[in-house]
Amino acid sequence: ACDTLYGNETKGIKGRSINIEDIEGKMKEEALTGINGAYNYIDHDIKYNNQNINPYTVYRNYPSIYVQEKLSVINGKENKNGLGLSEQTAFVKSEECLVTDAENIHPYQTYWFEANNFMQSAFQGKGTDTSNLNYNLIMPNGANTKYWVASRCIKTSSEYCGFNVRVVRFGNMSGCHMFSSRGTEESVGNDNCSICPVITLKSMLVKGNHTDGWKIE
């Protein structure tokens with residue numbers, strides 16, 4: 001969608017949706033890995049990027065794309081070379097989504113949540129100006145920012161897990177439930193989220209200055 005709206009093949013301009021790697025790539029190391037960092041997010045005693053304590057043997061359904069993902073674990077077999085959480089080669093049709101033939105699944109916790117007040121001081125930059133610039137780029141409407149992030153994640157719980165799509169909701173880094181291992185599709189709520197484009201272009205195409213403004217030629 002972003003490439004259709006903002007790309008220009010003739011000029012070599014490409015567009016895509018923002019993903020979790022874009023956001024994490026602008027965050028401070030301590031915000032990612034510190035005592036209260038995103039990578040230390042814990043839900044029901046499972047730390048971010050760690051495998052759930054026990055496999056799910058009752059609620060063991062999964063969407064078809066899960067089997068293609070790196071670190072998916074189905075019937076004790078782990079996929080070590082699959083898709084990254086921001087990679088996808090085809091649309092997943094809702095009628096083909098539910099897979100129920102596994103004896104068990106044993107997912108990793110790839111979801112983390114941080115509130116807007118955490119995100120306000122989470123970004124890199126020498127001094128307040130640069131840090132604020134990164135925050136303002138990623139959270140352009142501050143605590144009212146709402147957009148989809150083109151990355152999947154899994155939120156585990158003691159009995160089942162949720163297969164989510166990343167989302168920035170009211171300036172919080174979060175996720176929207178799309179599917180549950182209980183075998184049900186989840187409601188995404190009334191978020192009315194936008195998309196956030198990331199545009200790639202050659203610097204020689206950008207002309208202008210701070211006084212007169214910039215344009216793409």
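This is a chat about a predicted model of a protein, starting with its overall make-up and moving on to single residues.

Q: Hi! I'm new to this one. What kind of model is it, and how many helices and strands does it have?
A: Welcome! It is a predicted model. The protein has 5 helices and 14 strands.

Q: What size of box do the C-alpha atoms fill?
A: Roughly 65 × 40 × 35 Å, taken along the principal axes.

Q: And how much of the protein is buried?
A: Of the 217 residues, 38% are buried.

Q: Let's talk pockets. What volume does the second largest pocket have?
A: The second largest pocket comes to about 320 Å³.

Q: How many residues line the second largest pocket, and which lie nearest its centre?
A: There are 21 lining residues, and Tyr48, Asn49, Leu71, Leu85 and Thr110 are the ones nearest the centre.

Q: Which element gives the most to that lining?
A: That would be β8, with 4 residues. Both α2 (20–25) and β8 (146–156) supply at least two residues each to the lining of this pocket.

Q: You mentioned Asn49. Where does Asn49 lie?
A: Asn49 is in the loop between β3 and β4. Its phi is positive, about 70°, although Asn49 is not a glycine.

Q: Which residue other than glycine has a phi near 75°?
A: Asp45, where phi is again a positive value. Asp45 sits in the loop between β2 (42–43) and β3 (46–47).

Q: And why does Asp45 count as exposed?
A: Asp45 has 69% relative accessibility, so it counts as exposed; the cut-off for that class is over 50%.

Q: New topic: how many salt bridges are there?
A: The structure holds 5 salt bridges. As background, side chains of opposite charge can pair when their charged atoms come close.

Q: Which residue pairs with Glu69?
A: Arg152 does, and the N to O distance in that salt bridge is 2.5 Å. The two come from distant parts of the chain, 83 residues apart: Arg152 is in strand β8, while Glu69 is in the loop between β4 (62–63) and β5 (73–74).

Q: Are Arg152 and Glu69 buried or exposed?
A: Arg152 and Glu69 are both buried.

Q: What about Asp22, which residue is its partner?
A: Asp22 forms a salt bridge with Arg16, and their closest N and O atoms are 2.8 Å apart. Asp22 counts as partly exposed at 22% relative accessibility, and Arg16 is partly exposed too, with a relative accessible area of 34%.

Q: What does Lys215 meet in a salt bridge?
A: The side chain of Lys215 meets that of Glu217, at 3.8 Å from N to O. Lys215 is exposed, with a relative accessible area of 53%, whereas Glu217 counts as partly exposed at 45%.

Q: Where is the place of Leu201?
A: Leu201 is in the loop between β12 (197–200) and β13 (206–209). With 30% relative accessibility, Leu201 counts as partly exposed.

Methods: Residues are numbered from 1 along each chain as its sequence is written. This is a predicted model: local features need pLDDT of at least 70, side-chain atom pairs count only at pLDDT 80 or more; totals for chains, interfaces and linings use all residues. Side-chain values use heavy atoms; hydrogens and water are left out. On a 1 Å grid over the protein atoms alone, a cavity is a set of points where a 1.4 Å probe fits but cannot get out, and a pocket is an open set with protein on both sides within 12 Å along at least five of seven lines; lining residues have an atom within 4 Å of a point. Grid points are joined across faces, edges and corners, and a volume is the space filled by probe spheres set on the points. A salt bridge is a side-chain nitrogen of Lys or Arg within 4 Å of a carboxyl oxygen of Asp or Glu. Buried means under 20% relative accessible area, exposed over 50%, partly exposed in between (1.4 Å probe, protein chains only).
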